[in-house]
Structure formats: C-alpha cells, structure tokens
Amino acid sequence: MGLLNWVPLFMGTVFAAAFIYSGIRYEIRRFYVVSADLAAAVATVVLNPGPVEGIVIFSALAGALLIASGGSTMFLFVRHLAVKDADMGVAQDDGDEAP
C-alpha cells in the first residue's frame, strides 16, 4: 500500500476537521453533517483498491456533498427571505422624465 492510497484519508481528515472547527466557531449545525458525510466518504474510499480511483471517488463525493449542502442552504434562504422589487434597486417610473 503506497503513499498515494493515503491521500483520500488525509484530504478527508483535513476537510472534516475544517468543517467541525467552522461549525463550532460559527455555530453552523449543518457543518457537523457535512463533516460526518465526508468521514463516510473517506471510509468508502479507503476500502477502494485503487489509489487514483480513491482520490477521484472522494473528490466526486465531496464535491457533490458540498454542492447539495450549498444548494439546499440557498434554497431555504431564498424561500425564507423573499426579495421584493423595491429591494433590488429597480427604478420607479414617475413619468416626469423625458423619453
């Protein structure tokens, strides 16, 4: 088992630690779920026989997880705080200006 086989484990540990730290520091509970899912992705990858395939699978799983987490957060944010036209800086036409 070469050094390349340990790269997904190292990457997953660093990412999970960063998300746990951010979750504790900024009190963002969803980061705990992200770090647990990254740990599950690492466990899946470590069982994979090929080193390059392990890195590719880990990167794909981590990317999909982060996209899903960010997308769901944005969806909930936009749904919770609806933006009105007046808030967007849309100019109101008073009819006083020349064409």
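**Entry 1: α1 and α3.** I looked up helix α1 (residues 7–26) first, and found that α1 and α3 pack at an angle of about 20°, with their axes 9 Å apart. My axes are lines fitted to C-alpha atoms, for helices over the stretch in contact, and angles run from 0 to 180 degrees between N-to-C directions. Helices (H or I, at least four residues) are DSSP runs, numbered from the N terminus. The two are therefore roughly parallel to each other; angles under 35 degrees count as roughly parallel, over 145 as roughly antiparallel. The crossing of α1 with α3 is right-handed, meaning the near helix is turned clockwise from the far one by less than a right angle.

For the contact (heavy atoms within 4.5 Å), I noted V7, P8, M11, G12, F15 and F19 on α1, meeting G54, I55, F58, S59 and L66 on α3.

**Entry 2: a note on the model.** This is a predicted model, where local features need pLDDT of at least 70 and side-chain atom pairs count only at pLDDT 80 or more, while totals for chains, interfaces and linings use all residues. Residues are numbered from 1 along each chain as its sequence is written, and side-chain values use heavy atoms, with hydrogens and water left out.

**Entry 3: α2 and α3.** Next I took helix α2 (residues 30–46) against helix α3 (residues 51–80), which pack at an angle of about 160° with axes 9 Å apart. This pair is therefore roughly antiparallel. The α2 and α3 crossing is right-handed. Among the residues making the contact are V34, L38 and V45 of α2 and I57, L61 and L65 of α3. I get 11 nonpolar, 4 polar and 2 charged residues in the contact of α2 with α3.

**Entry 4: S35.** I ended in α2 with S35, which is buried at a relative accessible area of 7%. A polar atom of the S35 side chain lies 2.8 Å from the backbone oxygen of Y32. Leaving aside neighbours within four places in sequence, S35 is in contact with A16, F19 and I20.

Key. Parallel < 35°, antiparallel > 145°, perpendicular 65-115°, else oblique. Nonpolar A, V, L, I, M, F, W, Y, C, P; charged D, E, K, R; others polar. Buried < 20%, exposed > 50% of the residue type's maximum accessible area, 1.4 Å probe, protein only. Polar contact = N/O pair within 3.5 Å; in protein donor to acceptor, adjacent residues only side chain to side chain.
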